[in-house]
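Please look through the sequence and the model below.

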Amino acid sequence: DSKKLLNAADNQDNRNYKRDYAITTLFLNCGMRLSELIGININDIDFNECKMKVIGKGNKQRTVYLTKSCMVALNDYLSSRPSQSLIKKDSKDSDKALFLSEQKQRISNRTVQAIITKQLKLAGLDGQSLSVHKLRHTAATLMYQYGESDIRALQELLGHQSISTTEIY
């Protein structure tokens, strides 16, 4: 199902397919929350070390490590991202934002949710029972089953305070 979703995101009929593919790739590989993804600034990414800083619940900063597929998707997206001169300066620091909307502003929660819902539908997956947050669950499950992450490492990666929250995944 994850592969189907990524294939749907990589639909070149969509003029924002590089952005949408990068968003989907980050969700499926990093276990990020929606608010964390929305808040990413370009300077939060360390391309040399393949990691980035995100601000999670309670305004806590954590490090997210980027897989090779994340790095490729981010670099592809950044090559097509509007130039700085076209980006609107606003109170949301759009000029620093990684992901931009059609209006050249920081992308909103609602827009990201609509992107994922559309991709789920294109992939033939149930957009009613699946959501952006379910992608976080999927990433956690994949990391645990195939990434050889133990439960404590997964707790740290997901930014959970309590191990019992991680155990739900």
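Is C50 buried, partly exposed or exposed? In this predicted model, C50 is partly exposed, its relative accessible area being 29%. The structure has zero disulfides, and C50 accordingly belongs to none: the nearest cysteine sulfur, that of C70, lies 9.6 Å away. A disulfide requires two cysteine sulfur atoms within 2.5 Å. C70 is in no disulfide either, since the nearest cysteine sulfur to it, that of C30, is 3.8 Å away.

C70 is one of the buried residues of helix α4, along with M71, A73, L74 and Y77. These residues cover an arc of only 165° around the axis, so they sit on the same side of α4. Among the elements that cover them are α2 (17–30) and β1 (45–46). On the face of α4 turned away from this buried side are the exposed residues K68 and S79. As for its length, α4 has 13 residues, which at 1.5 Å a residue should span 18 Å; the end C-alpha atoms are 19 Å apart, in agreement with that value.

Y77 and F99 are both buried. Because Y77 lies in α4 (residues 68–80) and F99 in the loop between α4 and α5 (109–122), the pair ties together parts that are 22 residues apart in sequence.

Definitions and conventions:
Residues numbered from 1 in each chain as written. Predicted model: local features only at pLDDT ≥ 70, side-chain atom pairs only at ≥ 80, totals over all residues. Heavy atoms only, no water. Helix = DSSP H or I, 4+ residues; strand = E, 2+ residues; numbered from the N terminus. Buried < 20%, exposed > 50% of the residue type's maximum accessible area, 1.4 Å probe, protein only. Expected span 1.5 Å × (residues − 1). Arc of directions from axis to C-beta. Contact = heavy atoms within 4.5 Å.
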